[in-house]
Amino acid sequence: MTTTSDDLSKAPTVKGPKRFDKPRTPIGKAGRWSEDRLGAAGGMRKQLNKVFPDHWSFMMGEIALYSFIILILSGTFLTFFFDASMAEVRYDGSYVPLDGVEMSRAYASTLNISFDVRGGLVKRQIHHWAALLFMAAMLIHMFRVFFTGAFRKPRELNWLIGLGLITLGLVEGFAGYSLPDDLLSGTGLRIAAAIMQSIPVIGSWAEFLVFGGKFPGTVIIGRLYIVHVLLVPGILAGLIGAHMALLIKQKHTEFPGPGKTEQTVSGERMYPTYGMKAGGFFFIVFAVCAALGGLAQINPVWLFGPYNPAQVSSGSQPDWYIGFLDGSTRLFPSWEIRLFDHTIPPLFWPTLVLPGILFSLAGAYPFLEAKFTHDKSAHNLLQRPRDVPVRTGLGAMAITFYGVLLVSGGNDLIAKAFDISLNAMTWAGRICLLVLPPLAYAITYKICLGLQRHDREVLEHGIETGIIKLLPNGEFIEVHQPLGPVDDHGHGQLAYAGSKVPKKMNELGNPHGHKIRGFFYPVREKTDIQAELDALAAAEARGEHRQKELTD
Amino acid sequence: MTDEDNLDADADLGFAPAVVDNAGRTAPTRTASRRPSGFRRRAASLAVLIGALTAVGGGYAMLAPTSGADDTAATSQDVEAGRQLYNTSCITCHGANLEGVTGRGPTLVGTGSADVYFQVSTGRMPAPVQGALELRKVPKYTEQQILQLGAFVQSQGGGPQVPPADADLRAGSDQLGDGGELFRLNCASCHGATAHGAPLSAGKIAPDLYRSTDRQLYTAMLVGPENMPVFSNNQITPEQKKAIIAYVQTMKEAKDPGGAGLGRIGPVAEGLVIWTAGLGVLMVSILWIGARL
Ligand code: HEM
């Protein structure tokens with residue numbers, strides 16, 4: 001059995017026949033050295049024996065964690081060569097088409113990293129791809145947590161920390177994207193300045209404060225640099241630490257199933273299995289970032305040219321994670337609403353109010369759900385999305401809403417690719433934004449109920465075997481394999497438990513729902529091998545015991 | 001090719017386009033042909049080779065019949081040939097005296113040979129009798145016929161002229177920086193900084209410039225087709241136009257040092273890649289790891 005109870009798992013130390021007071025191997029010596037000084041072995045053992053449930057969906061958060069590490073590594077490399085100054089220089093590097101052009105040192109040093117620093121371009125690209133991945137991974141991780149109800153008591157705090165991480169990630173990404181001071185990111189900064197200005201009452205003052213004067217000023221890149229390499233990464237690291245600490249303290253959630261209870265957690269031990277798995281996975285994430293960084297060009301700032309407030313390029317887009325704000329700006333009608341003798345610029349609503357509402361709703365959701373369902377108890381077992389159709393429907397609705405905004409952020413490209421008028425795209429976006437989310441709710445709700453029904457059917461009638469029987473009276477019936485004892489009518493008596501129901505014959509006889517593995521012949525499961533080894537060890541121990549008796 | 005060869009070639013062409021190689025260094029290369037309708041540097045090297053052999057082998061034969069004609073100034077023969085072409089395929093819409101036909105086509109008096117060159121060489125004219133006007137199509141006429149058509153229209157009402165056939169429309173590589181600045185200042189707001197084009201309001205499109213030749217770029221600026229403003233020689237001098245052309249063509253032809261260019265359309269394509277390829281691979285790995293253990 002892989003299942004080990006965390007609470008019970010004081011590591012089964014196998015006591016050998018002899019004990020060595022002095023360690024002989026280098027690792028042993030190192031262990032003794034540190035144990036004499038730190039005395040951390042007990043705690044370490046506890047951590048190394050920590051068990052992690054092994055559902056695939058639990059690894060999406062790890063993608064985010066690993067891409068954050070990659071960002072720190074590649075970003076540190078970039079700091080060696082990046083010069084966050086807005087002082088004007090005349091370019092004389094090796095990219096000929098910009099020869100002699102006036103530009104900021106920030107832009108010139110980015111060109112320098114791209115063309116004259118050995119391996120600079122690939123590191124820049126890895127950094128940027130990892131940034132895109134970081135944000136995407138946080139988002140799907142959040143979806144997983146939402147749809148399985150992992151945010152419920154006692155884990156609401158970690159849900160809030162997660163939202164904080166996403167918000168800071170947006171800020172961090174935007175700051176980084178602005179650093180090269182190219183025409184594209186400068187256009188983004190100009191919009192950011194306009195958004196600040198649109199805040200009622202304090203708008204102009206806020207812009208003045210951030211830009212040290214009117215946009216673009218001469219200090220913003222330097223400030224963003226400190227924000228990007230020190231301030232936000234520091235807070236991010238702190239929050240990630242808190243996120244992990246809470247996770248370790250509260251332990252993982254897991255899906256319900258045979259042998260799973262609210263009080264225990266089962267899975268692989270941190271050391272060696274889970275550690276290996278996670279360590280290996282880190283390298284897969286790294287490989288994906290490196291492959292993208294080496295094979296796919298990202299943010300070719302030399303094509304955009306240096307930032308110049310007099311210039312603008314059509315089709316200027318932000319990175320994807322800011323895209324939903326771009327989309328909301330495109331879809332929101334340009335109403336100038338007057339409030340208290342104050343005209344509020346239209347930009348205010350889609351770029352500040354809307355995300356404010358979205359994030360507040362997300363933050364409040366765990367508490368709202370608990371209130372409406374009168375559920376005040378703590379939960380360590382997850383729920384399958386189908387078993388909570390309302391929540392699943394709401395999630396689908398939110399994702400659809402977000403999706404429409406995101407797609408609208410690129411609606412000019414869609415308009416061009418399919419030769420649709422931009423105005424038509426805008427209107428289509430507006431209609432979709434209002435119509436699709438409720439539709440998504442309804443469809444998802446229906447699908448959830450359908451899936452539940454199918455589970456119940458299998459529990460009652462058994463698994464379809466695919467065998468058709470011809471009865472003597474000429475009737476055809478399909479043979480079902482019941483999952484458990486049946487009553488007089490041949491109906492199963494297993495209760496619906498909200499856990500995975502086997503749907504195929506080869507999923508039977510295995511409490512964890514693993515299919516029988518192996519392509520040509522079944523692979524011997526580790527658990528079986530372990531059982532054999534245990535039996536052997538036990539036999540040996542008995543044998544030794546007997547020998548001892550004999551010699552005595 | 002040695003560097004000296006390169007220099008000679010550059011002096012000859014008056015232009016050294018920068019091609020960024022994968023090591024990130026720039027190396028001057030030469031254009032495959034200076035005839036705008038000829039080979040693009042992007043053409044397969046085989047085509048270049050065949051072209052070069054043909055040019056060398058057939059050089060004399062090609063030169064002989066045209067040696068009498070003057071390329072730069074339109075001869076009366078050209079005008080006559082142009083008139084015939086006009087009468088067969090333009091007259092129905094633009095009228096016998098270029099005065100235009102109501103409901104079919106505007107007057108061509110004063111449009112000049114530049115406009116004719118732009119419209120016909122990009123395949124926009126002759127317009128299809130039915131259906132919407134398309135942007136770019138395969139041109140119906142050869143370079144020579146287009147020049148003849150232009151000569152005819154020019155002879156009737158004057159107007160901006162197409163540059164002579166042997167004019168070099170690209171500035172030297174020392175002008176690339178200026179050209180880039182001018183391009184970003186005057187053209188990028190519609191065609192985009194990477195010249196990939198963008199939709200304008202009301203269903204109009206600023207097309208991508210990736211298929212435009214030197215001469216088409218030049219005449220487009222001169223006449224300002226459809227929603228595009230006219231950039232007369234007072235606004236942007238001919239020298240500046242050549243600098244813009246040098247920049248646009250160099251940028252188009254430059255390789256992408258960072259790998260696949262993703263259409264050079266920026267963050268939207270990058271977002272698509274991370275969500276499909278990036279996360280796709282990782283999700284498959286996750287499922288695989290999940291199934292193994
Ligand atoms: C969550 C963390 C991070 C995110 C989302 C992020 C994102 C970005 C992005 C999108 C860029 C623009 C890259 C480009 O030019 O194409 C950038 C640039 C940069 N980042 Fe980060 N970054 C993160 C962390 C860091 C850290 C920890 C450091 C340094 C310790 C760093 C240093 C830099 C530097 C120096 C640049 C400018 C160099 C350049 O643009 O070529 N970043 N970052």
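The exercises below, each with a worked solution, concern a predicted model.

**Exercise 1. Domains of chain A**

State which domains are assigned to chain A and how far apart their C-alpha centres lie.

Solution. Start with the assignment: domain 1 of chain A covers 2-39. Domain 2 of chain A is made up of 51-253 + 269-305 + 314-383. Then take the C-alpha centres of domain 1 of chain A and domain 2 of chain A, which lie 42 Å apart.

**Exercise 2. The interface of chain B and chain A**

Describe the contact between chain B and chain A by residues, buried area and polar pairs.

Solution. Step one is the residue count: chain B contributes 58 residues and chain A contributes 67 residues. Step two is the area, with about 5100 Å² buried between chain B and chain A. Carbon and sulfur atoms give 70% of that area. Step three is the search for salt bridges, and the count between the two chains is zero. Step four is the search for polar contacts, where twelve residue pairs are found across the interface, both residues being at pLDDT 80 or more.

Next, assign the chain B side to its elements. Those giving two or more residues to the side that touches chain A include the helices α7 (176-186), α10 (238-253) and α11 (267-292) of chain B. The largest share, 18 residues, comes from α11(B). Finally, sort this side of chain B by class: 34 residues are nonpolar, 18 are polar and six are charged.

**Exercise 3. The ligand and its shell**

**Exercise 4. A salt bridge within a helix**

Find the partner of Arg184(B) in a salt bridge, and say how the two residues are placed in their helix.

Solution. The partner is Glu181(B), and the closest N and O atoms of the pair are 2.7 Å apart. Both residues belong to helix α7 of chain B; they are three residues apart, so about one helical turn separates them. Over all chains, the count comes to 20 salt bridges.

**Exercise 5. Domains of chain B**

Describe how domain 1 of chain B and domain 2 of chain B meet.

Solution. First set the bounds: domain 1 is 76-157 and domain 2 is 173-253. Their centres, taken over C-alpha atoms, are separated by 23 Å. Eleven residues of domain 1 of chain B contact eleven residues of domain 2 of chain B. Together the two domains bury about 930 Å², with 67% of it on carbon and sulfur atoms. Between these domains the count is zero salt bridges, and three residue pairs are in polar contact, both residues at pLDDT 80 or more. On the domain 1 side, helix α5 (residues 112-121) of chain B gives the most, with six residues. By class, that side has four nonpolar, three polar and four charged residues.

Technical notes
Residues numbered from 1 in each chain as written. Chains lettered and ligands numbered in written order. Predicted model: local features only at pLDDT ≥ 70, side-chain atom pairs only at ≥ 80, totals over all residues. Heavy atoms only, no water. Domains from an automatic or database assignment. Contact = heavy atoms within 4.5 Å. Buried area = accessible area lost by both parts, 1.4 Å probe. Salt bridge = Lys/Arg side-chain N within 4 Å of Asp/Glu carboxyl O. Polar contact = N/O pair within 3.5 Å; in protein donor to acceptor, adjacent residues only side chain to side chain. Helix = DSSP H or I, 4+ residues; strand = E, 2+ residues; numbered from the N terminus. Nonpolar A, V, L, I, M, F, W, Y, C, P; charged D, E, K, R; others polar.
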